[in-house]
Each structure stands twice: as structure tokens, then as C-alpha cells.
Amino acid sequence: VAQFQEAFARAQGERHGLACASGMAALEVSLKAMGVGPGDDVIVPDSPFLAPATAAMVLGAIPVFADVELETLNLCPASLQQAITPRTKAVIPVHFGGAAADMDAILDIAKRHGVAVLEDAAHAHGARWKGQGLGTLGAAGTFSFQASKNMTAGEGGLILTNDAAMA
């Protein structure tokens, strides 16, 4: 596991890789490490999967659904902008089917509002955004190795981050 964590982090271009029991656990642990808790808003795409919203709810946070782009099923930056409130603590763009969400726009919006970005890259093992590995653009990125994913171990998850304190 230690060798895999290191190798996967290095392959994606990140310093720290931390294995978890599942992709859902990776999302939950990452949100908690970002300080998300009861009453905080976490913006998630309204599809394609429920894990980002569920991870927020496990911590007592409130999932706020933003629209996805019809062409990619990835988070729509304009909808993200409209969904942000003073209670927003994090946003979870999901890179669906190996296609990257518009990370330039998402990171810009999040930075302007002081919102943490947690990438859900469960469908994006090895994928890149402008040469940088998905899951490495936000404060942290999560991956799943569940049987239906494009890189599987039967089950399991992984968190990537460059932040030593978060790791």
C-alpha cells in the first residue's frame, strides 16, 4: 500500500498519496481535513453520482447542487458561481468519464470566494488538464479503485495533496 500510494501520487504529479477504504471515504476524509463541518455548504454537481453529496452530509454539511454541462456531465462554472454563498466552504468538481471539468474557471471562481476545491477524479486516473494530472489542481484530489472504475483494485480509494499538513 505504501509503495502504491507513492507511485500513484508520483504518476499524477503530486507529493502525497493516502490510501483509504473507498473513494467515498477519500472524499469524506478530505472534506474533514479542509475543515468542512456541520452547517457548511459544499457545492457538488447534480450528477453523475451521489458520493460527493453523501460525503458532505456525513460531516453534517449541506450539499448544494450545481448544474452540469450537457456535453461532458462536468460541473458548469456559471452554475457554480451562482451557487456560492457566504456559507460555502468547498466545491467538488467531478471529472466524469476521464473528461476534465473546466478547472481554470472553477479554480478562479473558488479562489475569488475563498472556497476550497476538492477534485473527485474517480473516473480520471491518468487524465490531464493542460498537462497537469487531474486530482492535483485543487487542495486535494480523490480517486476510487472500485470494480466499475477505469483502474480497479476491486475497492479502495486514494487522496492526493501537495499540502503536508493536510496529508
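The radius of gyration is taken here over C-alpha atoms, and the globule rule sets it at 2.2 Å times the number of residues to the power 0.38. With 167 residues, a compact globule would have a radius of gyration near 15 Å, and the protein chain, at 14 Å, agrees with this.

The structure is a predicted model, in which local features need pLDDT of at least 70, side-chain atom pairs count only at pLDDT 80 or more, and totals for chains, interfaces and linings use all residues. Residues are numbered from 1 along each chain as its sequence is written.

The protein chain holds 5 helices and 9 strands, where helices (H or I, at least four residues) and strands (E, at least two) are DSSP runs, numbered from the N terminus. An open sheet of 7 strands has the order 1-9-8-5-4-2-3, with mixed pairing; two strands pair if DSSP finds at least two bridges between them.

In helix 2 (residues 23-33), the residues Gly 23, Ala 26, Leu 27, Ser 30 and Leu 31 are buried, where buried means under 20% relative accessible area, with a 1.4 Å probe and protein chains only. They lie on the same side of helix 2 because they cover an arc of only 125 degrees around the axis, the arc being that of the directions from the helix axis to the C-beta atoms. Just after helix 2, Gly 35 takes a positive phi of about 90 degrees.

Methods
Side-chain values use heavy atoms; hydrogens and water are left out. Buried means under 20% relative accessible area, exposed over 50%, partly exposed in between (1.4 Å probe, protein chains only).
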